[in-house]
Amino acid sequence: MKRENIRNFCIIAHIDHGKSTLADRILEQTSAVALRDMEEQLLDNMDIERERGITIKARAVKMKYKADNGEEYIFNLIDTPGHVDFNYEVSRSLAACEGAVLVVDATQGIEAQTLANTYLAIEHDLEVMPVINKMDLPSADPERVCAEIENIIGIPAMDAPRISAKTGKNIHEVLEKIVTDIPAPKGDPDAPAKALIFDSVYDPYKGVIIYVRVMDGRIKVGDTIRLMATGAEFLTVEIGSMGATELVPTGVLCAGEVGYIAASIKYIGDTRVGDTVTTVENPCKEALPGYKKVNPMVFSGVYPADGAKYQDLRDALDKLALNDASLSFEPETSAALGFGFRCGFLGLLHMEIIQERLEREYNLDLITTAPSVVYKVTLTNGEVKFIDNPASYPDPVIISLAEEPVVKASIFTPSEYVGGIMELCQQRRGTFKDMKYLEENRVELHYDLPLNEIVYDFFDALKSRTKGYASFDYELTGYQASKLVKLDILLNGETVDALSFIVHADSAYSRGRRMAEKLKENIPRQMFEVPIQAAIGGKVIARETVKAYRKDVLAKCYGGDITRKKKLLEKQKEGKKRMRQLGTVEVPQEAFMSVLRLDD
Amino acid sequence: MGKAGVYIHIPFCKSKCPYCAFFSKPGTSREQMLEYTDALCRDIKETTGSRSIEVDTVYFGGGTPTVMPDNALIRILNAVKDRFNVAENSEITVEANPGTVDSDRLIALRKSGFNRISFGVQSAQDSELRSLGRAHSFEKAREAILAAENAGFDNISCDLMIGTPYQTEKSLIQSVDALCSMPIVHISAYMLSIEKGTPFDCERIRSLSADSDMTAELYLSAVKRLEENGFEQYEISSFCKNGMRSRHNMKYWLRDDYYGLGASAHSFVGGVRYYYESDILSYIKDPKNCIRTEDNMPNELEEYTMLSLRTTDGLNVNRFAFLGGDSDRLAKLAAKLEKNDMGRLCNGVLRLTPKGFLVSNGIICSLLA
């Protein structure tokens with residue numbers, strides 16, 4: 001295939017604007033998929049992806065398209081994760097493309113992720129090709145949406161295809177536009193090989209399979225490749241392109257092409273997204289720009305509800321990590337929760353997805369501690385520490401400077417909710433940056449917010465204050481000095497390590513009080529009363545008491561009641577097993593979970 | 001170990017009380033009662049066979065045994081006496097509903113050998129009695145008790161319920177006082193427990209009845225008042241004057257053998273717990289065919305702990321340890337109980353206080369965990 005007839009592109013959209021449905025239609029109409037293999041939203045493989053309507057992992061597929069001009073084209077569609085947590089992955093996927101199809105919902109218009117992803121695409125010099133979707137809905141307003149695209153993003157949109165990915169209307173127009181509007185890849189086929197890794201997956205038979213876009217040169221089976229960031233070298237055993245439902249070996253990949261390489265790679269950690277692949281025989285001089293090692297932003301303790309399942313949890317994490325280089329974990333022990341793992345995630349969504357997959361795909365019952373961000377602490381002796389676990393937060397007397405991560409948040413909302421959102425951001429220690437009217441009644445707000453304030457329940461709070469109409473996006477901007485304190489929770493006078501967390505001094509009191517209240521609601525009355533205290537250092541700032549229960553006895557116990565009563569006691573003992581015994585206090589798992597959701 | 005006891009279950013009553021979850025059938029025909037009597041007598045014969053089983057308590061419970069014709073009860077008692085080796089000084093109890101006995105019947109029962117009678121009085125307040133669906137007034141109950149005394153019963157017990165609809169602390173104390181002023185030596189004071197599937201199992205009754213905390217308060221008041229009236233507590237719900245404990249009930253808590261006969265009756269013989277199915281017709285047809293094993297290897301530690309702590313005789317620490325109990329755990333818990341006035345460990349015996357009795361499930365669980 002001529003390089004001029006290749007089109008490498010991705011689809012970008014806000015959540016639910018129809019990205020995956022459009023991808024399905026394109027696959028269908030280019031006959032990349034036999035009808036019998038057609039399953040709704042083919043690119044989103046995982047159950048969670050389908051259910052949540054999001055793409056977690058990037059994927060790619062090669063299609064053939066016979067255009068109206070009579071020529072045959074190769075389309076490489078690279079599906080990108082749509083969420084901010086995976087921003088780096090998105091940027092690497094974009095770097096593998098020449099163009100981006102921007103899907104905008106004709107009933108919704110531009111949302112936070114539309115803009116974030118579009119800017120990212122423009123940053124990577126991609127040709128952005130707008131498409132107005134959901135024309136089948138009666139409330140579709142393409143004129144308004146076109147104007148929005150032109151005014152807000154500043155790209156022409158009047159001749160954007162108006163389609164319905166759901167019904168298949170005008171998909172042909174999209175395909176033709178991909179041919180005419182998106183440039184063919186450049187690159188020198190005779191230069192030393194240089195390919196970008198934009199994803200990798202683990203296959204039990206082939207080892208790690210890397211997905212690449214070849215920029216220059218060629219890579220063929222039998223070449224020894226070098227991954228430039230890690231320096232690791234492997235002998236290629238299989239090279240090919242991604243069919244819609246299976247890998248198709250081709251033996252070679254040339255400049256401009258997208259495909260996969262299998263080289264008996266054991267650890268996914270060796271194959272970092274963004275790294276450059278070259279050959280040992282004829283290596284390129286410089287790696288592709290833009291590579292960085294991604295660091296987890298959010299940490300949380302993950303424990304099996306049943307201590308006996310520790311090994312199962314380890315196995316499950318090992319397996320997930322095979323396919324997810326950004327998931328980190330190391331063993332951790334808690335007096336309250338026993339043996340578990342401190343896990344690092346790219347962001348909240350990533351955390352939720354991992355927890356959900358552990359529970360669903362591996363049938364584990366988990367207790368997770370409140371998510372923590374990474375604090376930067378400078379000690380009086382000049383040493384700088386990064387703290388991701390409240391348990392290891394240093395004694396305040398030896399801290400000379402405490403800093404916390406800050407994000408730049410943008411919120412798109414109908415203007416009627418601005419007041420509520422401002423109030424929320426204010427409560428979350430946000431600093432107002434600016435506010436723009438996108439239209440008469442739609443607003444874009446910018447705030448600087450401590451990451452710590454959005455890892456708890458910011459999404460939920462935002463949703464409930466805007467009836468779900470606001471959209472939200474953020475990017476990490478750095479660290480800022482902050483008055484941080486470690487808040488401890490004591491049950492019956494003993495600190496519960498798993499409930500400690502770091503909080504800004506100004507919100508410590510109210511959060512401590514709410515934690516104590518929540519715990520009171522969720523700790524059942526027991527034989528003896530249970531004092532609950534929230535404390536900073538040695539100072540108690542809130543106190544609640546779970547009163548002792550007065551009566552649990554069966555008044556009658558005659559000949560026929562004895563076995564029945566024994567069964568009752570067994571049940572009661574079983575119930576105790578589901579509780580965590582903290583000193584003399586029994587704490588149900590729900591209590592741990594409830595304090596993670598402190599919405600007011 | 002003491003001698004065995006015999007329990008006879010009479011699964012009939014005039015009308016079903018709305019809180020009752022015991023097995024009984026109201027409105028059974030006289031004919032069926034007589035068939036049931038035949039079955040019982042046959043069962044007694046088959047149970048004892050040629051063995052001589054020494055017993056010193058016989059207990060007729062229900063249901064309401066006194067809805068049976070007198071001669072039927074007497075026939076059954078005679079069968080027991082014929083087939084079991086019933087000791088001279090045996091305690092022979094019959095449960096009675098104050099509305100189903102009169103002077104003549106009481107005299108007949110006493111004469112035939114019953115020497116203890118237990119009346120389901122429940123309350124001295126007529127309004128409370130009505131809400132419990134009881135067919136008798138307190139006046140009727142008083143008459144029945146006096147008639148029993150006249151008939152020669154000197155071991156009379158009454159049931160009293162705590163935490164029933166409309167009951168207040170004041171009305172409860174009045175009921176206690178009214179009962180204590182009668183010629184009785186024993187009171188069983190139960191906290192109402194609303195059983196699943198009974199007519200009482202509804203929101204309305206719950207809202208009219210004391211909640212769990214209030215019931216606990218009522219219980220403690222009743223215990224105190226009973227003691228002031230000379231009734232000593234010997235088990236969570238049992239009180240007596242002059243040491244007149246229910247010898248039969250004590251067998252349950254001491255894990256002595258007992259032979260339960262009749263539909264739905266439970267037995268504990270030779271370390272095995274078994275019972276008869278709750279089916280009158282099947283029982284009449286073939287009693288032995290109704291027997292089901294409930295537990296053929298009851299955990300002795302568990303049973304000892306749970307049963308001994310019900311009584312004021314308490315739990316013997318050496319015995320507990322001998323059976324495999326964790327005495328360190330016990331010592332720690334005992335200290336906590338003592339601090340909270342829930343129990344006392346004294347001379348190697350752990351005894352619960354009334355406050356401790358109220359949470360004895362939790363205490364037992366903690367001991368056995």
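Visitor: Which residue in β3(A) stands opposite A:Cys10?

Guide: Strands of a sheet pair through backbone hydrogen bonds, either parallel or antiparallel. Here, A:Cys10 stands opposite A:Ile78. Their strands, β1 (residues 6-13) and β3 (residues 72-79) of chain A, pair in the parallel sense over six bridges. Two strands pair if DSSP finds at least two bridges between them; strands (E, at least two residues) and helices (H or I, at least four) are DSSP runs, numbered from the N terminus. This is a predicted model: local features need pLDDT of at least 70, side-chain atom pairs count only at pLDDT 80 or more, and totals for chains, interfaces and linings use all residues. Residues are numbered from 1 along each chain as its sequence is written, while chains are lettered from A and ligands numbered from 1 in the order in which they are written.

Visitor: In what order do the five strands of the open sheet in chain A run?

Guide: The order is β2-β3-β1-β4-β5, with mixed pairing. β2 (59-66) and β5 (127-133) of chain A stand at the edges with a single partner strand each, so one side of each has no neighbour in the sheet.

Visitor: Which helix packs on the sheet?

Guide: That's α4 (residues 112-123) of chain A, which touches β1, β4 (99-105) and β5 of chain A. Contact means C-beta atoms, placed from the backbone, within 7 Å.

Visitor: How many residues of chain B are in contact with chain A?

Guide: 36 residues of chain B are in contact with 22 of chain A. Helix α15 (residues 360-368) of chain B gives the most to that side of chain B, with six residues. The predictor gives the complex an ipTM of 0.88.

How values were computed
Contact = placed C-beta atoms within 7 Å. Axes fitted to C-alpha atoms, helices over the stretch in contact; angles between N-to-C directions.
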